[in-house]
Amino acid sequence: MDYISTRGSAPALDFAGATLAGLASDGGLYVPRTWPKFSQDEIAAMAGLPYAELAQKIMLPFVEGSLSAERLLELTRAAYGRFAHAAVTPLKQLDQQQWLLELFHGPTLAFKDVALQLLGLLFEEFLARSEQNLTIVGATSGDTGSAAIDAVAGRAKIDIFMLHPRGRVSDVQRRQMTTVLAPNVHNIAIEGSFDDAQAMVKRMFNDNGMTDRFAIGAVNSINWARLMAQVVYYFAAALQLGAPQRKVAFSVPTGNFGDVFAGYVAAQMGLPIERLIVATNVNDILHRALSTGDYSQGTVTPTAAPSMDIQVSSNFERLLFDVGGRDGKALAEQMAGFEATKAMQLTNAQREGAAALFSSARADADDMNRAIRWAFVECGETIDPHTAIGLHAARVAGIAADIPVVTLATAHPAKFTDAVEHATGIRPTLPTRVGDLFEREERLTALPGDYDAVADYVSAHATPRP
Ligand SMILES: N[C@@H](CCOP(=O)(O)O)C(=O)O
């Protein structure tokens, strides 16, 4: 399988190359040249497989040429062996129609572990084949940071620099990053929003002064390997609910559009998905784009669901590319317009292509609190604010009663104790596997929201190319 850029001019790469490159050199995102397809019989035969084996089957066509089937299985077994639930992503029934897919049983209690545990191993695998080292530069609104740090802390040939918006992540989220004291881990708290941090990360990939000296790598969902690993749990859930004979809808708490784009990929591969519901908080650029075609960047409003406090959703570019006819040159112009004006109108083809599978809903703080309370009182489940936004959207989406609707439960409620206590009156406790998080020493560097300050810091601390 080879990978092409959404902006049409970067060289095509194989899976190993795309994984190490992260972002394409023309500023675009890598996507597979074609979508691999499974027949309905092939999908039916996957029912009941252990998660690591299912993951190997789903991902094998994407890694062809870079990993053997046997090696991929070793890596998926190692990655998912660290999860605290035997099913890895267990499914829970809430009522006749609503289900929760629990994605927070990994080491850092969020869905990001499902992909990043594997990505850490893939980096190690591919770096061992060459002289190359990797300077990972990432941005986080809360969950990616700790999951990425856990995945690469102490690994040879890797430095990681993780930028988070100062004061805008929960205490648990911050401590999960800043208490990892491995010498290759660098936490940077910047003044500004996640969008500011993400813009700096993307700029660094195109800063020749940096890329000449350092092999910059990505752990955000701009890295294709992240999305590939997230496709698996859509299959896992749908198979348990009767796929491929029965269609399933998914509601996805959405910020950077990576998790829900993985659902789109599952559908392209043949999984019968009724609808993908994009759930946003008041930072609703995606809801506006999908419902009116207006993709214009608003100001970020801090909320109790900080991981979704995002107004520029990187992976939306992958969808616009695919539903807009895969015209890299046209998309490069469209994205250049967005970068210059912070606004863009979807084309008719893009709107119609997206509307065929996606719908969207926006939840404010009241909607979110009501959903937390409903799950708690009516179903006996404690859910986190992000999951609650997904559940709100799932319940108002108007999906036919005979179609199961699965909300992706993206984070453990104990990552957001104050918000959950506010809605339920009960303070959730951290699982023991997280350990003494609040007793540990923290280490972080505060920097202004200024690209040059961040680039100087990275230059001073990263290992140059050999
Ligand atoms: N919600 C994310 C923001 C980054 O998203 P990613 O999926 O592109 O890594 C977070 O929690 O950091």
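User: What does the UniProt record annotate at Lys 112?

Analyst: The UniProt entry, which is unreviewed, carries the annotation "modified residue: N6-(pyridoxal phosphate)lysine" at Lys 112; such positions are given in the numbering used here, feature names are shortened, and annotations may be inferred rather than shown by experiment. Residues are numbered from 1 along each chain as its sequence is written. The model is predicted, and local features need pLDDT of at least 70, side-chain atom pairs count only at pLDDT 80 or more, whereas totals for chains, interfaces and linings use all residues.

User: Why is Lys 112 called buried?

Analyst: Lys 112 has 33 other C-beta atoms within 10 Å, and a residue is buried if 20 or more other C-beta atoms lie within 10 Å of its own, exposed if 12 or fewer and partly exposed in between, with C-beta atoms placed from the backbone. Lys 112 therefore counts as buried. Leaving out residues up to four places away in sequence, Lys 112 touches Asp 143, Thr 144 and Ala 147, a contact being a pair whose C-beta atoms, placed from the backbone, lie within 7 Å.

User: Where does Lys 112 lie, and what makes that element a helix of the expected span?

Analyst: Lys 112 lies in helix H5, residues 112-127; helices here are DSSP runs of H or I with at least four residues, strands are runs of E with at least two, and both are numbered from the N terminus. The expected span is 1.5 Å times one less than the number of residues. H5 has 16 residues and reaches 22 Å from its first C-alpha to its last, close to the expected 22 Å.

User: Why is H5 described as largely enclosed?

Analyst: H5 is largely enclosed by the rest of the structure because 12 of its 16 residues are buried. Among these buried residues are Lys 112, Val 114, Leu 116, Leu 119 and Phe 123. Their cover includes helices H1 (15-21), H4 (69-80), H6 and H10, together with strands E6 (134-139) and E7 (158-165).

User: What makes a residue part of the shell around the ligand, and which residues come nearest?

Analyst: A residue belongs there if its C-beta atom, placed from the backbone, lies within 6 Å of the molecule. Of the 13 residues around the ligand, Thr 140, Asp 143, Thr 144, Ser 221 and Asn 256 come nearest, and helix H6 (residues 143-152) gives the most to this shell, with three residues. By class the shell has one nonpolar, 11 polar and one charged residues, where Ala, Val, Leu, Ile, Met, Phe, Trp, Tyr, Cys and Pro count as nonpolar, Asp, Glu, Lys and Arg as charged, and the others, Gly among them, as polar.

User: What makes a set of residues a nonpolar core, and which members of the largest one touch the most others?

Analyst: A nonpolar core is a set of buried Ala, Val, Leu, Ile, Met, Phe, Trp, Tyr and Cys residues joined through C-beta atoms within 7 Å. The largest has 155 residues, of which Leu 163, Val 232, Tyr 234, Phe 235, Phe 250 and Ile 277 touch the most other members. Helix H10 (residues 224-240) supplies the largest share of this core, with 14 residues. Leaving aside neighbours within four places in sequence, the contacts of Leu 163 include Ile 188, Ile 190, Met 200 and Val 454.

User: Why does Leu 109 count as buried but Lys 342 as partly exposed?

Analyst: Leu 109 has 27 C-beta neighbours inside 10 Å and therefore counts as buried, whereas Lys 342 has 13 and counts as partly exposed. Leu 109 lies in the loop between strand E5 (98-102) and H5, and Lys 342 in the loop between H14 and strand E13 (343-345).

User: What makes the backbone of Leu 109, Lys 342 and Pro 244 worth a remark?

Analyst: Most residues other than glycine have a negative phi, and most peptide bonds are trans. Leu 109, which is not a glycine, has a positive phi of about 70°, and Lys 342, also not a glycine, has one of about 65°. The bond joining Ala 243 and Pro 244 is cis, with omega about 5°, and Pro 244 is found in the loop between H10 and strand E10 (248-253).

User: Why is Gly 328 called partly exposed?

Analyst: Gly 328 has 19 C-beta neighbours inside 10 Å and so counts as partly exposed. Gly 328 is found in helix H14, residues 328-341, and, neighbours within four places in sequence aside, its contacts are Ser 5, Thr 6, Arg 7, Gly 8, Ser 9 and Gly 28.

Terms used
Contact = placed C-beta atoms within 7 Å.
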